[in-house]
Amino acid sequence: MRQARVPVDDDGVEPQICVIELGGTVGDIESMPFIEAFRQFQFKVKRENFCNIHVSLVPQPSATGEQKTKPTQNSVRELRGLGLSPDLIMCRCSTPLENSVKEKISMFCHVEPEQVICVADVSSIYRVPLLLEDQGVVGYFCQRLDLPIETRPRKMLTKWKEMSDRSDRLLEQCSIALVGKYTKFTDSYASVIKALEHSALAISHKLEIKYIDSADLEPNTLTEEPVKYHEAWQKLCSADGILVPGGFGVRGTEGKIQAINWARKQKKPFLGVCLGMQLAVCEFARNMLGWEDANSTEFDPESKHPVVIDMPEHNPGQMGGTMRLGKRRTIFKTTNSILRRLYGDVEYVDERHRHRFEVNPELKEHFEGKGFHFVGQDVEGERMEVIELDDHPYFVGVQYHPEFTSRPIKPSPPYFGLLLASAGKLQSYLHKGCRLSPRDTYSDRSGSSTPDSEIAECSISQE
């Protein structure tokens, strides 16, 4: 209860609704203490303030095609035996639930048929909210928890439907090479992949991600595993755009620098995030400033040209808790920055950070003279936050992690710019005053198209 009252943002207001997820399977020994905590919790907060949603699988064996309710009956019986009674039963199934199956679950699980919600497989994840809305989930919550929310038609829901409809009929394709170290397990880049998806959807393109292990681009791989090396370079060269995300450790960094070098020389759209931005600085220093040993002190503490250094507050002897974390302000230093225009021609942006190394501010002038601009800096003007390159369709690096604030209806501007440039639409978009064509209105950068104002309208009145 104490945790539920902790404010979730800067306004310091106590949250009105707390969502708690308990994973695992009912009956497993690992989850028993939590189920017991839930059992006691429902009495502390009273029934009118506690709603229990039970998610259950309804298997459908291909041999018979019959939807089986026994797993749901058993798990609900087990849950009730432990002192918890579900208010809603969310049935995960491959095809929509038949009425007879719904009634059977209702009968044997002691709930009304309206409390059995079918969550069948849909064409895209964006259809799930619409599926729940159609089955009256919002109305049920309002009545069950006595929430004074007006259920009038909302603009945001209309835009969401437009977006999910469009996701089903994408024809054009855009490919992005994601050059990283953890590409064998794509969940490592979950936020990055979602940010790319949001941006691709906003320009009506189907996204193809080409995962490239950065170590495969290095000369060592050519001698040891030439097939891997050539396959990796073939993927990189055939992609429409290149993304180098954040990461840690020296392994694979030279491969990332090779990819950045290729993007710069071939004028391929490029976005570097956190480490990707720092390595773009290293690449430019080596090949355009002639500093062959230019590097980050994270990888080469003895470098004569440390273009990326430890931040003053970082204690190298103590790794934990020494990062520059959380939302920080970035001030745009010029008016002709591409990224500034993508953000809506604002003077500053607030984005989330997670790093302990920074571009060496003492060497800034050397880069600026060669057309490599630090267009965004922190409030004090000491930390380099955004880089852009002259005479390039889209060569951008950001020290922060813009993927954390990307939303389906409001894609992150740095990722959005990468997709626009990769699809050959960036100049047209900028020329039109950063507006998409009418068929793309849901993601238009006008105020009414962002969900924030819609969410604010749905605030719950204080009794």
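Asp 350 is partly exposed, with a relative accessible area of 30%. Its side chain meets that of Arg 329 in a salt bridge, 2.9 Å from N to O. The model is predicted. Its salt bridges come to 17 by the rule applied here.

**Salt bridge between strands**
- Arg 329 belongs to strand E10 (residues 324-332), and Asp 350 belongs to strand E11 (residues 348-355).
- The two residues are 21 residues apart, and the pair links distant parts of the chain.
- Arg 329 has a relative accessible area of 34%, so this residue is partly exposed.

**Salt bridge between Asp 345 and Arg 340**
- The side chains of Asp 345 and Arg 340 form a salt bridge of 3.2 Å, N to O.
- Asp 345 is partly exposed, at 48% relative accessible area.
- Arg 340 has 10% relative accessibility and therefore counts as buried, since buried means under 20%.

- Asp 165 and Lys 161 meet through their side chains in a salt bridge, with 3.2 Å from N to O.
- Both residues sit in helix H6 (residues 155-167).
- They are four residues apart there, so about one helical turn separates them.
- Asp 165 is partly exposed, at 22% relative accessibility.
- Lys 161 is partly exposed, at 44% relative accessibility.
- The pair is part of a network of salt bridges that links Arg 127, Lys 161, Asp 165 and Asp 168.

**Packing of helices H2 and H3**
- Helix H2 spans residues 70-81, and helix H3 spans residues 99-109.
- The two helices pack at an angle of about 25°, and their axes are 10 Å apart.
- H2 is therefore roughly parallel to H3, because angles under 35 degrees fall in that class.
- The crossing of H2 and H3 is right-handed.
- H2 brings Thr 72, Gln 73, Val 76 and Arg 80 to the contact.
- H3 meets them with Lys 104, Ile 105, Phe 108 and Cys 109.
- The contact residues of H2 and H3 divide into four nonpolar, two polar and two charged.

**Glu 385, a buried charged residue**
- Glu 385 lies in strand E14 (residues 384-389).
- Its relative accessibility is 0%, so Glu 385 counts as buried.
- Leaving out residues up to four places away in sequence, Glu 385 touches Met 277, Arg 324, Thr 330 and His 353, among others.
- Its contacts also include Gly 376, Gln 377 and Asp 378.
- Gly 397, Val 398, Gln 399 and Tyr 400 are touched by Glu 385 as well.

- Gly 381 is in the loop between strand E13 (372-378) and E14.
- With 27% relative accessibility, Gly 381 counts as partly exposed.
- Gly 381 and Pro 361 are 20 residues apart in sequence.
- In space, the C-alpha atoms of Gly 381 and Pro 361 are 9.1 Å apart.

Methods:
Residues numbered from 1 in each chain as written. Predicted model: local features only at pLDDT ≥ 70, side-chain atom pairs only at ≥ 80, totals over all residues. Heavy atoms only, no water. Axes fitted to C-alpha atoms, helices over the stretch in contact; angles between N-to-C directions. Parallel < 35°, antiparallel > 145°, perpendicular 65-115°, else oblique. Left-handed = near helix turned anticlockwise from the far one by under 90°. Contact = heavy atoms within 4.5 Å. Nonpolar A, V, L, I, M, F, W, Y, C, P; charged D, E, K, R; others polar. Salt bridge = Lys/Arg side-chain N within 4 Å of Asp/Glu carboxyl O. Buried < 20%, exposed > 50% of the residue type's maximum accessible area, 1.4 Å probe, protein only.
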